[in-house]
Amino acid sequence: MDNELNVTYITFDGHVEVQKYRYLYFVIMFTAYILIICSNSTIVGIIVINKSLHEPMYIFIAALLINSLLYSTAIYPKLLIDFLSEKQIISYSACLFQWFIYYTLAISEFFLLSVMAYDRYVSICKPLKYHTIMRKKTVNIFLILAWILPACQMSVGPLLFANEKLCYFILKGIICNSRIQKLQCVTSTVANIYGLILFVESVPLPLLFILFTYTRILIITYRSSREVRRKAAQTCLPHLLVLINFSCLSTYDVLLARLETDFSKTVYLIMSFQMILYHPLFNPIIYGLKMKDIFKHLKRLFSRDKLN
């Protein structure tokens, strides 16, 4: 606690021998951050530049990758500064802001994945109505809601937590996730109810909707020709892989933050790195390799670079 400035500081206690391996940590995470920026930006750029990819499905993929960039930018700069600092600290207000951005973008991810599932459902199950339903205006509305709605939902959290009295000032972790509630002397009932409602409407409900749409797609394609099944698999498989990956990591994050376990700091650090590394790198790899049209443009881009 800094009494002169009246600023409350939180110490991150999730680092392992950071004084000894600070430069190694920095190089690894800085390299990962550059790879995340380059891989996601490349595919977004390909989608923006090529008019043939200005379809709802590819626009939503671009939005998903932009979301990954924002997610990484909310975490990596502070993490890199911590590796080179003598003390790994953050003001409580900044910690709440990182928590807000972290979970807002996580909810946005589920929203975008739900929209993408709906897009595939309309495309495969109602092809004649696709262009009527998925108009440019509809796509724009979905994109705006994907970021505005989660931000409004999450904005209540900092307001609830900001006035809570803190009894602990050491956070077991390397980023500000839902463990910040454990710093409070008493967790309010209102905050618990808010958290439960937010979790249910942000994770299980979108997941149920996505499972329903893909089940419908599976039923329709099973009754269709082999060519329809092949096209459906080409476009739906990458979305499903991304969904499974993100759902596992989200569950991982909730369990890691909520469960009282006796894992060593090293295990916690490895788990934390998995959450911030896998997802932002996984998305561009899957969409770059598995989406036929994107891969074609990627191949053409790198072939051109070799010729030059």
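Trainee: What is the angle about the S-S bond in the link of Cys95 and Cys176?
Mentor: Keep in mind that this is a predicted model, where local features need pLDDT of at least 70 and side-chain atom pairs count only at pLDDT 80 or more, while totals for chains, interfaces and linings use all residues. Residues are numbered from 1 along each chain as its sequence is written, and side-chain values use heavy atoms, leaving out hydrogens and water. The link of Cys95 and Cys176 is left-handed, and its angle about the S-S bond is -115 degrees.

Trainee: How many residues apart are Cys95 and Cys176?
Mentor: These two form a disulfide, S to S 2.0 Å, where the term means a pair of cysteine sulfur atoms within 2.5 Å. Cys95 sits in helix H4 (residues 92–125) and Cys176 in the loop between strand S3 (170–171) and helix H8 (189–202). Helices (H or I, at least four residues) and strands (E, at least two) are DSSP runs, numbered from the N terminus. So the pair links distant parts of the chain, and the separation is 81 residues.

Trainee: Is Cys95 buried or exposed?
Mentor: Go by relative accessible area: buried is under 20%, exposed over 50%, and partly exposed in between (1.4 Å probe, protein chains only). Cys95 comes out at 0%, so Cys95 counts as buried.

Trainee: What is the handedness of the link of Cys167 and Cys185?
Mentor: Their sulfur atoms are 1.8 Å apart, and they form a disulfide. With 100 degrees about the S-S bond, this link is right-handed.

Trainee: Which pairing do the bonded cysteines show?
Mentor: There are two disulfides by the cut-off. Number the bonded cysteines of the protein chain in sequence order, and the pairing reads 1-3, 2-4.

Trainee: Which cysteine sulfur is nearest to that of Cys236?
Mentor: Cys236 is in no disulfide. The nearest cysteine sulfur is 8.7 Å away and belongs to Cys125.

Trainee: What angle lies between the planes of Phe26 and Phe30?
Mentor: Rings of Phe, Tyr and Trp (its six-membered ring) pair if their centres lie within 6.5 Å; planes under 30 degrees apart count as stacked, over 60 as edge-to-face and the rest as tilted. The whole structure has 11 aromatic pairs. Phe26 and Phe30 are a stacked one, 5.7 Å centre to centre, with a plane angle of 5 degrees.

Trainee: About how many helical turns separate Phe26 and Phe30?
Mentor: Both are in helix H1 (residues 18–49). They are four residues apart there, so the separation is about one helical turn.
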